[in-house]
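Please read these notes with the model open beside them.

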Amino acid sequence: MPSAESANALLNALRYAGINMVASLPDGAMVAVVNALEKSNDILHVPLTREEEGTGVCAGGYLAGKRCALLIQNAGLLNSVNGLTTTALQFEIPMLLLVLYAGAYNDMAFPKLGQVTEPVLDALGIRHYLLDDLAQAKKIISGALVQAYNFKKPVAVLIHKSVL
């Protein structure tokens with residue numbers, strides 16, 4: 001079960017990086033993170049009905065001066081490939097992709113998702129970093145966001161379930 005303590009640590013890492021808007025379509029493993037976002041007064045939370053909407057929401061947020069993150073599971077990342085390609089990559093929109101990494105090592109759920117996640121990101125030219133130690137959240141999230149702005153495109157942080 002995801003913990004409120006882990007969720008708060010992730011939100012603090014987002015704040016440290018300067019993220020002030022998060023769009024999300026979570027699954028059960030991210031309930032505590034979404035609950036913490038909903039209670040936050042300094043991070044705008046935009047719930048999604050489909051993951052693909054997140055690219056457009058984050059692109060609009062960026063154009064309005066927000067520093068945006070899209071919080072989804074890796075299945076949702078696969079659903080979002082068209083929007084990421086035709087909007088974020090084509091028009092050079094930086095955003096942080098916070099991706100719950102189902103099927104990662106030592107995770108029995110959704111092994112095929114775990115097998116294709118990194119190759120899909122590589123094919124899109126989206127750099128990605130694994131967050132498997134909560135103590136590294138500030139460093140990894142802030143570093144990834146700096147790269148997103150330097151590269152003018154999305155950068156992904158793959159969140160191992162053990163972090164939640």
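The points below go from the basis of the values to the helix, the cores and the salt bridges.

1. Basis. The model is predicted, so local features need pLDDT of at least 70 and side-chain atom pairs count only at pLDDT 80 or more, while totals for chains, interfaces and linings use all residues. Residues are numbered from 1 along each chain as its sequence is written, and side-chain values use heavy atoms, with hydrogens and water left out.

2. Span of α1. Helix α1 covers residues 4–17; helices here are DSSP runs of H or I with at least four residues, strands are runs of E with at least two, and both are numbered from the N terminus. The 14 residues of α1 should span 20 Å at 1.5 Å a residue, and the end C-alpha atoms are 20 Å apart, which agrees. The expected span is 1.5 Å times one less than the number of residues. After α1 comes Gly18, with a positive phi near 100 degrees.

3. Ser6, Ala7, Leu10, Leu11, Ala13, Leu14 and Ala17 are buried in α1 (buried is under 20% relative accessible area, exposed over 50%, partly exposed in between, with a 1.4 Å probe and protein chains only). They lie on the same side of α1, because their arc around the axis is only 155 degrees, taken from the directions from the helix axis to the C-beta atoms. On the face turned away from this buried side are the exposed residues Ala4, Glu5 and Tyr16. The buried residues of α1 pack against β1 (21–25), α2, β4, β5 (128–131) and α7.

4. Ala17 and Ser142. Ala17 is in helix α1 and is buried, at 12% relative accessibility. Beyond its neighbours within four places in sequence, Ala17 is in contact with Arg67, Ile141, Ser142 and Leu145 (contact is heavy atoms within 4.5 Å). Ser142 sits in helix α7, residues 137–151, and is also buried, with a relative accessible area of 17%. Not counting residues up to four places away in sequence, Ser142 touches Tyr16, Ala17 and Ala137. Its side chain comes to 3.4 Å from the backbone oxygen of Lys139.

5. Cores. The largest nonpolar core has 32 residues, of which Leu14, Leu96, Leu98, Leu131, Ile141 and Val157 touch the most other members. A nonpolar core is a set of buried Ala, Val, Leu, Ile, Met, Phe, Trp, Tyr and Cys residues joined through side-chain atoms within 4.5 Å. Two or more of its residues come from each of α1, α2 (31–39), β3 (68–73), β4 (96–100), α7 and β6 (155–159). Ile141 touches residues including Leu10, Leu14, Leu98 and Val157. A second, separate core of 24 residues includes Ala23, Leu70, Leu77 and Leu124.

6. Salt bridges. How many salt bridges are there? The count is two, where a salt bridge is a side-chain nitrogen of Lys or Arg within 4 Å of a carboxyl oxygen of Asp or Glu. Arg15 pairs with Asp42, the closest N and O atoms being 2.7 Å apart. Arg15 is in helix α1 and Asp42 in the loop between α2 and β2 (44–47), so the pair ties together parts 27 residues apart in sequence. Arg15 is partly exposed at 32%, as is Asp42 at 42%. The other salt bridge joins Glu52 and Arg50, at 2.8 Å from N to O. Glu52 is partly exposed at 31%, and Arg50 is partly exposed at 43%.

Note on methods:
Polar contact = N/O pair within 3.5 Å; in protein donor to acceptor, adjacent residues only side chain to side chain.
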